[in-house]
Amino acid sequence: MTTWRGAPPPDMPRIGAAGWLRVGLRGAGLIGLLVLGMALTLPLRLIERPLFGLRRPVTPWITQAVSRAALAILGLRYRRRGRPMQARGALVANHASWLDIFSLNAGGRVYFVSKAEVADWPGIGWLARATGTVFIARDRREAKAQADLFEARLRAGHRLVFFPEGTSTDGRRVLPFKSTLFAAFLGAELRGILSVQPVTVIYTAPEGEDPAFYGWWGDMGFGPHALKLLASPRPGGVELVYHPPLKVSEFADRKALARACEAAVRRAAPTA
């Protein structure tokens, strides 16, 4: 996770006996759910791959169902405003937490764009590869190969998701969008057929908790943060706001497209 130099993360609360019981029950349920999802996905991919190539007509439905169930286990009420686009292209969203993976997958059948090192993370990397994540390296020498990969996935009808802020925050603000990845959608072969849909991800903390309860940023460890969420006695919520898609062909360059997406995401985002 890239460090965001914002306010220091809040201290992790102590977990009592009832909290540890919730951790055990929810943790077991979450692990069981993910194992079941993989047990269904991997054999189906063996069938999908030779028949459909890059296209995945069945397995993304499993990912979406697992993600919605995971949010329920974690005690997050899910709500959606607007509709995910059906056009070819990408979704761009603000980035507050590792929970964004579940939240955005729950909203629609999408494929994430992630930094290459995530592929080697224990557990998470395996899940990311199985669900079709596109891994990109921060190496200019690989720019052409990555652009070709983007084009192949987009032409296969995949709706990609990436986080233009470049890092996660406390979920109470939106950082300036970096325009680098937007360049992939402006190629001569693609710009006339693609759209980009801005999405605002909004987390509501459990009653009585810090508004940044679900945020995961800076030097926060994954383990302590996950334990805090699993131990919470009260429910919280996540809302996805799908803004109208923007046609890539209507923008002169990547910076203009990035600014328009950032403005849309900011309009619905909470203020710090």
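**Notebook: cavities, a patch and salt bridges**

I began with the second largest cavity, whose lining splits into 6 nonpolar, 2 polar and 2 charged residues. My classes: Ala, Val, Leu, Ile, Met, Phe, Trp, Tyr, Cys and Pro are nonpolar, Asp, Glu, Lys and Arg are charged, and the others, Gly among them, are polar. The space in there is about 40 Å³. Among its lining residues I noted Asp 170, Arg 172, Tyr 203 and Phe 213.

Ground rules for these notes: this is a predicted model, where local features need pLDDT of at least 70 and side-chain atom pairs count only at pLDDT 80 or more, while totals for chains, interfaces and linings use all residues. Residues are numbered from 1 along each chain as its sequence is written, and side-chain values use heavy atoms, with hydrogens and water left out.

**Cavities**

I found 2 cavities of 30 Å³ or more in the structure. A cavity here is a set of points on a 1 Å grid over the protein atoms alone where a 1.4 Å probe fits but cannot get out, and lining residues have an atom within 4 Å of a point. Volume is the space filled by probe spheres set on the points, which are joined across faces, edges and corners.

The largest cavity comes to about 90 Å³. Its lining includes Thr 41, Arg 56, Asn 105 and Phe 112. Helix α2 gives the most to that lining, with 3 residues. By class I get 5 nonpolar, 6 polar and 1 charged. Helices are DSSP runs of H or I with at least four residues, strands are E runs of at least two, and both are numbered from the N terminus.

**Salt bridges**

I got 7 salt bridges from a search of the whole structure. The cut-off is a side-chain nitrogen of Lys or Arg within 4 Å of a carboxyl oxygen of Asp or Glu.

Glu 48 pairs with Arg 45 at 3.2 Å, N to O. Both sit in helix α1, 3 residues apart, and both are buried. For burial I use under 20% relative accessible area as buried, over 50% as exposed and partly exposed in between (1.4 Å probe, protein chains only).

Glu 151 and Arg 155 also pair, with 3.1 Å between the closest N and O atoms. Why about one helical turn between them? They are 4 residues apart in helix α5. Glu 151 is partly exposed at 23%, and Arg 155 is partly exposed at 37%.

I also logged a network of salt bridges that links Arg 79, Arg 81 and Glu 239.

**Exposed leucine**

Buried or exposed, I asked of Leu 46? Leu 46 counts as exposed, at 66% relative accessibility. Leu 46 lies in helix α1, residues 17-52.

Methods. 1 Å grid on protein atoms, 1.4 Å probe; cavity = no way out; pocket = protein on both sides within 12 Å on 5 of 7 lines; lining within 4 Å.
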